[in-house]
Amino acid sequence: SQAIYAPAASSPCLTPCPTPLADVPGYSGRVQALADQASEELKRVWSAPEHERSAISSAAYNLLKQADDGLASLQLEAKAAPADERARIAKEEERLRGELRKIAQELQKARRELLLPDAGHSGSTDKLFLSKEDRRRSSAVSQSLRNGADRLKDANRTMAETEHIGVETLMELRRQRETIHRTQDRTTDLGQNLSSAEKAVQELEKPACILM
C-alpha cells in the first residue's frame, strides 16, 4: 500500500510517514490527507530558500497527483457502493475536488510568481481533478486530436506521393517532347531529301535535245 508523505522539517524532500494510506478510513480520508500535505508544502514554498523552492513545488505536485488518483478510486468506490451511499460519496468527492483544485490553482500561482518550472517531473496541474464527464470529454478531445494528426500524416504522405508522381510524369512528358522534336527534325530532313530526289528524277525524264 502507498504511504502518506509528510514534509521533513529540514529538507524540501518528502519522507514516508509511519502511518500508511491503507490505515486512513476509505479513499475519502486518504485523499483528504494528501490534500492537507499538499497544502502544507505549498505554504512552505513561499518561505523556503530559493534553491529549495523547485523541489518543494515538485513535492506538492506529486501529492496532488496522488490525490487525483485517489479521486479516481473514489469514483470506482461510488460505483460499487449501495444506492443510498452513492449520493453521499458523490458529494464528498465534489467537495474534495473543489479543495484540490483550489490548492492546484495556488500552486500554479506560486510557480508563476516565483518563476518555478512546471515541466518535466514537476508537471502541469491543468488535467488534474477532472470530473468523470470532464475526463470523458478530455479523452474524446485527445482522441480527436490524435485522429486529426493521423489524417494529417496520411494527407502529407499522399501529397508527397502525388508530387513524386507529378514530377515523374513531367519528366516523361519532357522526354516524349524531345523525342517528337527529333522525329520532326528527321521528317523535315527526309522531306527535303525526297524533294531533291524528285527534282532529279524529273530532270532525267526530260527528253534529250538532238542536234542536227
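**View 1. Helix α1 passes helix α3 in a left-handed crossing.** In this predicted model, the axes of α1 (residues 26–47) and α3 (residues 83–114) come within 10 Å and cross at roughly 20 degrees. Because angles under 35 degrees count as roughly parallel, α1 and α3 are therefore described as roughly parallel to each other.

**View 2. Residues of α1 meet residues of α3 along their contact.**

**View 3. Helix α3 has buried residues that are covered in part by α1 and α2.** With 32 residues, α3 reaches 47 Å from its first C-alpha to its last, which is close to the 46 Å expected at 1.5 Å a residue. Among its buried residues are Ile-89, Glu-93, Arg-97, Ala-104, Gln-108 and Arg-111, and Leu-96, Leu-100, Ile-103, Leu-107, Ala-110 and Leu-114 are buried too. The cover over the buried residues of α3 includes α1 and also α2 (50–80). Leu-115, which follows α3, has a positive phi near 60 degrees.

**View 4. The protein as a whole has four helices and two strands.** Read along the sequence, these elements follow the pattern β-β-α-α-α-α. Buried residues make up 27% of the 212 residues in the protein, and among contacts between residues at least 6 apart in sequence, 63% join residues at least 24 apart.

Methods
Residues numbered from 1 in each chain as written. Predicted model: local features only at pLDDT ≥ 70, side-chain atom pairs only at ≥ 80, totals over all residues. Heavy atoms only, no water. Axes fitted to C-alpha atoms, helices over the stretch in contact; angles between N-to-C directions. Parallel < 35°, antiparallel > 145°, perpendicular 65-115°, else oblique. Left-handed = near helix turned anticlockwise from the far one by under 90°. Contact = heavy atoms within 4.5 Å. Expected span 1.5 Å × (residues − 1). Buried < 20%, exposed > 50% of the residue type's maximum accessible area, 1.4 Å probe, protein only.
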